[in-house]
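Let's walk through this one together, going from the overall layout down to individual charged side chains. Have the viewer ready.

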Amino acid sequence: MKKIYDLLIIGGGPAGLSAGVYAGRAKLKTIILEKGTGGGQAATTSEIANYPGIRHISGPRLVEEMKLQNEDFGVEFAKADVTGVDFSGEVKVVKTLGGDYHARAVIIATGASPRTLGFPGEEEFTGRGVAYCSTCDGEFFEGLEVFVIGAGYAAAEEAIFLTRFATKVTIIARESSFSCAPSIVDKVMANDKIEVKFNTEILGVHGDGMIQSARFINNVTKEEFEYKAKEEDNTFGVFVFIGYEPKTEIFKGHIEMDDAGYILTDDDMKTNVNGVYAAGDLRPKSLRQIITAVSDGAIAATDAGKYIEEEKDRLGIKDEPEVEKPAKKNRPLSQQARALY
Ligand SMILES: Cc1cc2nc3c(=O)[nH]c(=O)nc-3n(C[C@H](O)[C@H](O)[C@H](O)COP(=O)(O)OP(=O)(O)OC[C@H]3O[C@@H](n4cnc5c(N)ncnc54)[C@H](O)[C@@H]3O)c2cc1C
């Protein structure tokens with residue numbers, strides 16, 4: 001007989017892990033499917049300094065604590081890459097290479113990621129000068145120069161925000177003008193700390209440990225130039241703001257999305273399909289952070305709990321008492337996460 005979970009969560013980043021805590025605590029039979037090592041984008045950053053109540057913590061440690069909290073509440077984990085779904089029936093089917101999973105409700109929490117440009121050094125120096133989020137990393141560039149790559153709304157807004165920390169912000173715009181509202185362009189142009197180089201592209205970044213130089217090209221004159229870190233600074237920042245990519249491809253045709261592929265929900269994180277929720281960075285929103293992702297996850301799991309209870313009442317389903325699994329209370333952190341704290 002197939003096992004039917006109350007709740008299945010796709011994605012073990014902050015949104016999925018927060019949903020797991022709320023679902024587990026509400027005694028829902030819950031499983032989280034995660035294709036990678038877990039923790040999502042948050043696990044890729046060495047320092048988080050903006051999660052209220054925790055002054056400094058590494059990303060891996062924060063998400064490991066969230067995972068242990070899930071285990072404390074009896075939530076199951078499986079390493080599985082979700083390749084397809086069937087949400088048409090009252091029992092939802094989630095397909096993976098290792099077989100199908102079944103659940104009464106599903107929370108999609110597969111996240112989004114900042115688009116990358118692919119210039120030489122971009123991957124190597126990510127977290128060591130190359131950044132994608134000024135709210136997360138802006139303060140690390142206090143007193144340094146930064147370059148902002150992009151000419152859309154995000155690039156313009158973030159460039160202004162970065163002037164709070166940086167001594168100078170140079171916007172590198174591939175086109176000959178900005179592609180955002182004139183009101184924000186006017187603010188950029190009026191800011192003494194911002195210089196704009198139109199028709200310019202980044203060719204690569206170089207350095208020893210941190211970024212020490214970057215090469216650029218004017219795509220009209222084909223003239224190349226190099227920027228070197230000032231001696232007293234020894235480094236500078238390159239912030240790339242060319243948009244986000246939601247990880248929602250496999251849900252196309254199953255769930256309502258906007259043109260950019262973000263999953264549409266109401267305030268309770270309900271999608272247009274009964275019993276299917278979406279939480280975290282894959283929703284249209286103005287702030288993609290851990291705190292907004294965990295908030296979504298908590299709301300989604302709470303509403304899913306009500307939906308599951310109503311469904312079971314409607315179908316006259318009485319849960320068999322499960323063989324009591326010992327909760328892994330107070331399991332210690334892994335050595336890896338402890339070392340990163
Ligand atoms: C370098 C960096 C630094 C950051 N720093 C901060 C910071 O300091 N403070 C802050 O608040 N925010 C920070 N953020 C933003 C924050 O990490 C994200 O907003 C948050 O992680 C979003 O959580 P999420 O759960 O919605 O998505 P994600 O974190 O993207 O997690 C999604 C998870 O779903 C999994 N998944 C995707 N597809 C599938 C599939 N088909 N099957 C199974 N699993 C799947 C992924 O492997 C991933 O683990 C940072 C982001 C980055 C990239």
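Predicted model: local features only at pLDDT ≥ 70, side-chain atom pairs only at ≥ 80, totals over all residues.

The chain splits into domain 1, made of 4-113 plus 244-340, and domain 2, which covers 130-240. Five residues from domain 1 and five from domain 2 make the contact.

So how much area do the two domains bury between them? The figure is about 370 Å², with carbon and sulfur atoms giving 48% of it. On the domain 1 side, the touching residues sort into two nonpolar, two polar and one charged.

Now for the salt bridges, where the count comes to 15. Side chains of opposite charge can pair when their charged atoms come close. Take Arg174 and Glu175, whose side chains meet at 3.7 Å, N to O. Arg174 is exposed at 52% relative accessible area, while Glu175, at 45%, is partly exposed.

Arg215 and Glu224 make another salt bridge, at 3.2 Å from N to O. Here Arg215 is partly exposed at 28%, and Glu224 is partly exposed at 43%.

Then there's Lys228, which bridges to Glu226 with the closest N and O atoms 3.7 Å apart. Lys228 is exposed at 57%, whereas Glu226 is partly exposed at 38%.

Finally, look at Glu90, Glu311 and Arg314: salt bridges link them in a network.

Methods. Residues numbered from 1 in each chain as written. Heavy atoms only, no water. Domains from an automatic or database assignment. Contact = heavy atoms within 4.5 Å. Buried area = accessible area lost by both parts, 1.4 Å probe. Nonpolar A, V, L, I, M, F, W, Y, C, P; charged D, E, K, R; others polar. Salt bridge = Lys/Arg side-chain N within 4 Å of Asp/Glu carboxyl O. Buried < 20%, exposed > 50% of the residue type's maximum accessible area, 1.4 Å probe, protein only.
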